[in-house]
Amino acid sequence: MPKNTFFTRDMLLDAAFEIFREEGLEAVSVRRIAAVTGSSTAPIYSCFANVDEMREALIQTAFEKLLRCTEREYTENLFLNIGIGMLEFARENPIVYRTIFLADARGKAMYDNLFAVNRTQMMKEKTMKIFSDAEINTILEKLTVYTYGLSAMICAGVMMETSNEDLIRILGQTGRDIKPD
């Protein structure tokens with residue numbers, strides 16, 4: 001098969017994301033992406049002004065992948081799916097998770113954005129209709145803290161039970177235990 005001579009921005013981001021996922025954001029360079037894609041650096045510079053722009057796009061790509069995980073149907077409970085998605089993302093992408101939430105200055109902005117998106121998603125759950133806005137925020141804050149903690153434990157290799165079934169069981173029990181003040 002002949003070498004690909006045309007590279008789209010998405011193709012290059014996919015290759016860069018794999019480097020990010022396996023080795024970290026600092027390992028992403030124009031030369032590394034060129035090596036992975038089998039191209040020269042020219043297609044990369046035609047899509048991105050520099051490596052900083054590429055890394056910024058990778059952070060956004062990671063966040064979008066995380067959002068897609070939190071919107072998947074793991075169970076019939078939309079609210080539970082948010083937590084499972086977060087934990088699945090951390091399990092599948094520990095280096096990326098640590099970078100975007102624990103090591104990067106943009107972590108707070110991403111947390112705020114994720115909280116807002118998750119709150120909107122959570123409001124689609126019929127069982128949440130009985131709670132006031134303040135109670136919804138309290139529940140989501142408590143479960144977010146718990147989920148972030150579990151995600152950190154998964155990324156650190158501390159938590160061994162990380163199948164989706166295990167995560168559903170753990171978060172399901174926690175959800176029953178957490179009540180608004």
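**Aromatic contacts and nonpolar cores**

In the predicted model, the charged end of Lys 65 sits over the ring of Phe 17, at 4.7 Å from the ring centre.

A pair of aromatic rings is described by the distance of the centres and the angle of the planes. Six aromatic pairs were counted. One of them joins Tyr 97 and Tyr 148, with 6.3 Å centre to centre and 65° between the planes, an edge-to-face arrangement. Tyr 97 belongs to helix H6 (residues 94–103) and Tyr 148 to helix H8 (residues 133–156), so this pair ties together parts that are 51 residues apart in sequence. Tyr 97 is buried, because its relative accessibility is 0%, and Tyr 148, at 17%, is likewise counted as buried.

The rings of Tyr 111 and Phe 115 form a pair that is classed as tilted, because the planes stand at 35°; the centres are 6.1 Å apart. Both residues lie in helix H7 (residues 107–122), and because they are four residues apart, about one helical turn separates them. Tyr 111 has a relative accessible area of 24% and is therefore partly exposed, whereas Phe 115, at 16% relative accessibility, is buried. Tyr 111 and Phe 115 belong to one aromatic cluster together with Tyr 97, Phe 101 and Tyr 148.

The largest nonpolar core contains 45 residues. Within this core, the residues with the most contacts are Phe 20, Ile 33, Met 54, Leu 58 and Phe 101. At least two core residues come from each of helix H1 (9–23), helix H2 (30–37), helix H4 (51–70), helix H5 (78–92), H6, H7, H8 and helix H9 (164–177). The largest share is that of H4, which supplies nine residues. With residues up to four places away in sequence left out, Met 54 touches Leu 12, Leu 13, Ala 16, Val 28, Ile 33, Ile 44 and Phe 48.

Met 123 is placed in the loop between H7 and H8. This residue counts as partly exposed, because its relative accessibility is 23%. Between the C-alpha atoms of Met 123 and Glu 165, which are 42 residues apart along the chain, the separation is 24 Å.

Conventions:
Residues are numbered from 1 along each chain as its sequence is written. This is a predicted model: local features need pLDDT of at least 70, side-chain atom pairs count only at pLDDT 80 or more; totals for chains, interfaces and linings use all residues. Side-chain values use heavy atoms; hydrogens and water are left out. Rings of Phe, Tyr and Trp (its six-membered ring) pair if their centres lie within 6.5 Å; planes under 30 degrees apart count as stacked, over 60 as edge-to-face and the rest as tilted. Buried means under 20% relative accessible area, exposed over 50%, partly exposed in between (1.4 Å probe, protein chains only). A charge sits over a ring if NZ of Lys or CZ of Arg is within 6 Å of the ring centre and within 35 degrees of the ring normal. A nonpolar core is a set of buried Ala, Val, Leu, Ile, Met, Phe, Trp, Tyr and Cys residues joined through side-chain atoms within 4.5 Å. Contact means heavy atoms within 4.5 Å.
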